[in-house]
Amino acid sequence: MNATQPAGPVCPGPGASPVLRSAALCRIDGGFWAERRRTNAEVSVPEGPRCLEKAGNLANLRAAAERSTGAPPVFTGDFQFQDSDVYKWLEAACWQLADDPGSELAAEVERTVALISAAQRADGYLQTYYQLGGAQEWTELGWGHELYCAGHLMQAAVAHHRATGGRRLLDVACRLADHIDSVFGPGKQVDAVCGHPEIETALIELYRATDEIRYLDLARYFLDRRGHGTLAAGADRGHDRDPGAAYWQDHTPIREADEVAGHAVRQLYLLAGAADLAIESGEPGLRHALERLWHDMVATRTYLTGGVGSRHDWESFGDTHELPADRAYAETCAAIASVHFSWRMALLTGDARYSDLVERTLFNGFLSGVGLDGRTWMYVNPLHHRSRSQERFGDQSAHRTPWFRCACCPPNAMRLLASLHHYVATTDPGGLQLHQYATGAYGGEDLTVRVATAYPWQGTVTVTVEQAPDTSRTLSLRLPSWCTDHTLTVNDVATHDRQENGWLRVTRRFRPGDTIRLDLAIRPRLTVPPPLVDAVRGCAAIERGPLVYCLEQTDQPGRLDPDTVALDLTEPLTEQTPPGLLGNVVTVGATGRVLPGGGPGPWPYQRHDRAPREEGAAVRLTAVPYCAWANREPGAMRVWVPVAGSRR
């Protein structure tokens, strides 16, 4: 890799054509995200191996490594893809090592690398379920996840190589990629795709790390082959329901698709891989298709929180504007996949709108899945939870859980938090762009800056130039779409900023010590849903800056159930910071009206002309950031609240 390239998870090759590239210097060292990343580094990642040991993931790798000793093969766990949880944890641990190479974590990482290397078969194949006798390899493409697991191993290997400089795990990944290349393709043993996309983006990153063009070609093959129905009949491994080709995104080629469909995580991992290919190839047709699909997702299938995937059935995108608050699946992994896709689109196009969605998703739809303690997790992230909800889908429910039988979300969240600093800043030949606002140091080859901010609680972002060339450069600051009022000064002098595609551009010959200050007016606001979203028509939600807020039962007077009140829009919103509450969050106060009860008899429905016209007594409500909900006692929660006087 070129020495000026960053050591992050997305590093376009020297011949690629992105508009932007990740900044070589990217360090978060204070503020909101530093605290969340510290919990990830000190609690979540170190406890990962214990959880993986208890769940049997590591035992499977040991069993595969010991096959040559004659030990009986035993696979532990309910899912063929158990190995992927190890690889995601390992990727997180490697990004963490890049921050702290001398930590105790290094020994744990190398033990895990050695175990994976020992488990690999001589011909390069590696997936313990099939090595331990689960079935014949490459015969269960719909549900087997062999290529999915391989992709996560490749991403862990690239992270290990970039963080440590070592090649041991990278060599394992290359042997596996070479084996796959010998099996898949026209005229080879298998001419089809995996039921769960992931390998596409991984192969491209492996190509970027090794300069082996065969890996890029193999990724292109998988992306071009999808959409031709190779998985349409895929009811293998005892599945008595066929989800249909759209579930696998195997119904329409990517370049022809006009809407996102099927399993949300699968769809977005696929599109992330396609965006990587567009970055490397410069193909306009692929770029246009990705822009079209991203727009469809955002305009018609994305929750206010940035969460995606409205259906519990098949963990899938729903129909256009099908966004129920209480039945929202909005899997944490889907939020992570959305960040991956949008970030690549930001690099590909340079448009700030993609980083706008990254911000919304990170602060809300993603972070709600991670407990404040770093030990408990959410699999699904609804926007409405009733006080006596009986809704449970095994352990994949709206309850914080130490681990899951299907534990895809916790290590996935760990790897995003561990690599989060690489999603903050980019460079282009003209200067530096700040996509997210986090205290730290960022820059490229000739322009570096220091950022200080209390964002998202406060809207002031101070950027101090630390290094600059003796020529003109452009510093670009993203103007969040939620912000309607801002000021920008350079060395305390107000400047007429140049706005372009969501960016505030400051172009000048910078000097070390120059200070650029952006003040974003952060105040509570009310948001209404699109009129076509039936489920929350007549409701409003509270937002403040990039944060979506919710009413939790525990914060209301007398533990009043949020389902029994409506918002009184005639009263102003207020804010305060109660000491110690949920890590010193800013809360928002609102006035509500108690909703009238049902009719006098057992039948609750009434004629419209006899229904009560006025809500009941006023009550003061307290809203907290949605990302912090469910960290205290159980109770009801809702984001969308009926508006007093409305008739839905």
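A crossing of two helices is left-handed if the near helix is turned anticlockwise from the far one by less than a right angle, and right-handed if clockwise. Helices here are DSSP runs (H or I, at least four residues), numbered from the N terminus.

This is a predicted model, in which local features need pLDDT of at least 70 and side-chain atom pairs count only at pLDDT 80 or more, while totals for chains, interfaces and linings use all residues. Residues are numbered from 1 along each chain as its sequence is written, and side-chain values use heavy atoms, with hydrogens and water left out.

**Helix packing around H12**

H10 passes H12 in a left-handed crossing, and the crossing of H12 and H13 is left-handed. Axes are lines fitted to C-alpha atoms, for helices over the stretch in contact, and angles run from 0 to 180 degrees between N-to-C directions.

| Helix pair | Axis separation | Crossing angle |
|---|---|---|
| H10 and H12 | within 8 Å | roughly 20° |
| H12 and H13 | within 8 Å | roughly 160° |

H10 and H12 are therefore roughly parallel (angles under 35 degrees). H12 and H13 are therefore roughly antiparallel (over 145 degrees).

Contact means heavy atoms within 4.5 Å. On the H13 side of this packing, residues including Tyr354, Leu357, Val358 and Phe366 meet H12 residues, among them Ile336, Val339, Trp343 and Met345. By class, this contact of H12 with H13 has eleven nonpolar, seven polar and no charged residues. Ala, Val, Leu, Ile, Met, Phe, Trp, Tyr, Cys and Pro count as nonpolar, Asp, Glu, Lys and Arg as charged, and the others, Gly among them, as polar.

**Cavities**

A cavity is a set of points on a 1 Å grid over the protein atoms alone where a 1.4 Å probe fits but cannot get out; lining residues have an atom within 4 Å of a point. A volume is the space filled by probe spheres set on the points.

The whole structure holds six cavities of 30 Å³ or more. The largest cavity contains about 130 Å³ of space. Its lining comprises 13 residues, of which Pro9, Glu91, Gln155, Arg344 and Arg415 are the closest to its centre. H3, H6, H8 and H12 each give two or more residues to this lining, which by class has five nonpolar, four polar and four charged residues.

The second largest cavity has a volume of about 80 Å³. Helix H10 (residues 264–281) supplies the largest share of its lining, three residues. Among the lining residues are His251, Glu259, Gln267 and Leu293.

Conventions: On a 1 Å grid over the protein atoms alone, a cavity is a set of points where a 1.4 Å probe fits but cannot get out, and a pocket is an open set with protein on both sides within 12 Å along at least five of seven lines; lining residues have an atom within 4 Å of a point. Angles under 35 degrees count as roughly parallel, over 145 as roughly antiparallel, 65 to 115 as roughly perpendicular and the rest as oblique.
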